[in-house]
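Let's take a walk through this protein chain, one part at a time. Have a look at the picture first, then read on.

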Amino acid sequence: METTDSLKHFTLLRQVITQASSGTIFFQAPKVQSGVVNIQLGKILNNEATLTSLEKFLHCKSMVVCNLITTADNTSDLPRCSESVLSQALNHVTFDADMLARLEKSFLKLPPIKVSMKPVHRYGYQDGLTYMMLYQESLKKERFTIRDFFSLRPSYISLEQQVKVLILGYCLGLINPSRKVCEADPHQQVSHRMNIVHRIFNRIKNID
């Protein structure tokens, strides 16, 4: 899925999770804000230090460095879960108006999407209803876009709530480009139908 500068670090996290990769995402943002997110086979380490780093990671407006370092993992026996850790981090993160505008603009540039169903409340995400709205609305339109989602926002849902579920779905690989609708050549369609009719008539003639 094509991305913009504001989504590049989210894209790295998405790739590591969806491709079940292992390593440590090291990042550094302006004002000496840095951290590491340890991931094994696509699962994020579930501890307080990682949660704190992940909150910083999600909150960064820009990155000086953001790389995946593949190193030997000495914490393989510790609990990991990308869904619950990311949900917890998003529950605690708040975005100012400038950050929301940046993220909204970036998400608007994505192509039409398809959304996978996921009971995100089971992972402790506090706004499962907004994710459910995203999923249900995506089923109503063949080429559903992020712009559609933003334009459908009811008064009781904020832009921040929408942006957060987009981050959650995007990073977990639940939001993907929709399949292009292939329009077959009309002549090929007619020919295909005629072949079917021809086969049916042949079968009828062969019935004793």
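## Ground rules

A residue is called buried when its relative accessible area is under 20%, exposed when that is over 50%, and partly exposed in between, using a 1.4 Å probe and protein chains only. Gln-162 counts as buried, because its relative accessible area is 0%.

Keep in mind that this is a predicted model, where local features need pLDDT of at least 70, side-chain atom pairs count only at pLDDT 80 or more, and totals for chains, interfaces and linings use all residues. Residues are numbered from 1 along each chain as its sequence is written, and side-chain values use heavy atoms, with hydrogens and water left out.

## The whole chain

The chain has eight helices and six strands. Those names come from DSSP runs, numbered from the N terminus: helices are H or I with at least four residues, and strands are E with at least two. Starting at the N terminus, the order is α-β-β-β-α-β-α-α-β-α-α-α-β-α.

Of the chain's 208 residues, 41% are buried. Contact here means heavy atoms within 4.5 Å. Looking at contacts with a separation of 6 or more, 72% are between residues 24 or more positions apart.

## Helix 1 meets helix 2

Helix 1 (residues 8–18) and helix 2 (residues 48–59) have axes that come within 9 Å and cross at roughly 135 degrees. Axes are lines fitted to C-alpha atoms, for helices over the stretch in contact, and the angles run from 0 to 180 degrees between N-to-C directions. That makes helix 1 oblique to helix 2; angles under 35 degrees count as roughly parallel, over 145 as roughly antiparallel, 65 to 115 as roughly perpendicular, and the rest as oblique.

Who does the touching? Helix 1 brings His-9, Phe-10 and Leu-13, while helix 2 brings Leu-54, Phe-57 and Leu-58. Sorted by class, this contact has five nonpolar residues, one polar and no charged ones. For those classes, Ala, Val, Leu, Ile, Met, Phe, Trp, Tyr, Cys and Pro are nonpolar, Asp, Glu, Lys and Arg are charged, and the others, Gly among them, are polar.

## The nonpolar core

A nonpolar core is a set of buried Ala, Val, Leu, Ile, Met, Phe, Trp, Tyr and Cys residues joined through side-chain atoms within 4.5 Å. The largest one here has 52 residues, and those touching the most other members include Phe-10, Leu-86 and Ile-167. Helix 7 (residues 159–171) gives the most to this core, with eight residues.

Skipping neighbours within four places in sequence, Phe-10 is in contact with Phe-57, Leu-58, Leu-103, Ile-167, Tyr-170 and Cys-171.

## Helix 3 and helix 7

Is helix 3 mostly enclosed or open? Nine of its 11 residues are buried, so helix 3 is largely enclosed by the rest of the structure. Its buried residues pack against helix 1, strand 3 (43–44), helix 2 and helix 7.

Helix 3 (residues 82–92) packs with helix 7 at about 160 degrees, the axes being 11 Å apart. That makes helix 3 roughly antiparallel to helix 7. Leu-86, Ser-87, Leu-90 and Asn-91 of helix 3 meet Lys-164, Ile-167, Leu-168 and Cys-171 of helix 7. This contact divides into five nonpolar, two polar and one charged residue.

## Back to Gln-162

Gln-162 sits in helix 7. Not counting residues up to four places away in sequence, Gln-162 touches Thr-130, Phe-149, Phe-150, Arg-153 and Ile-157.
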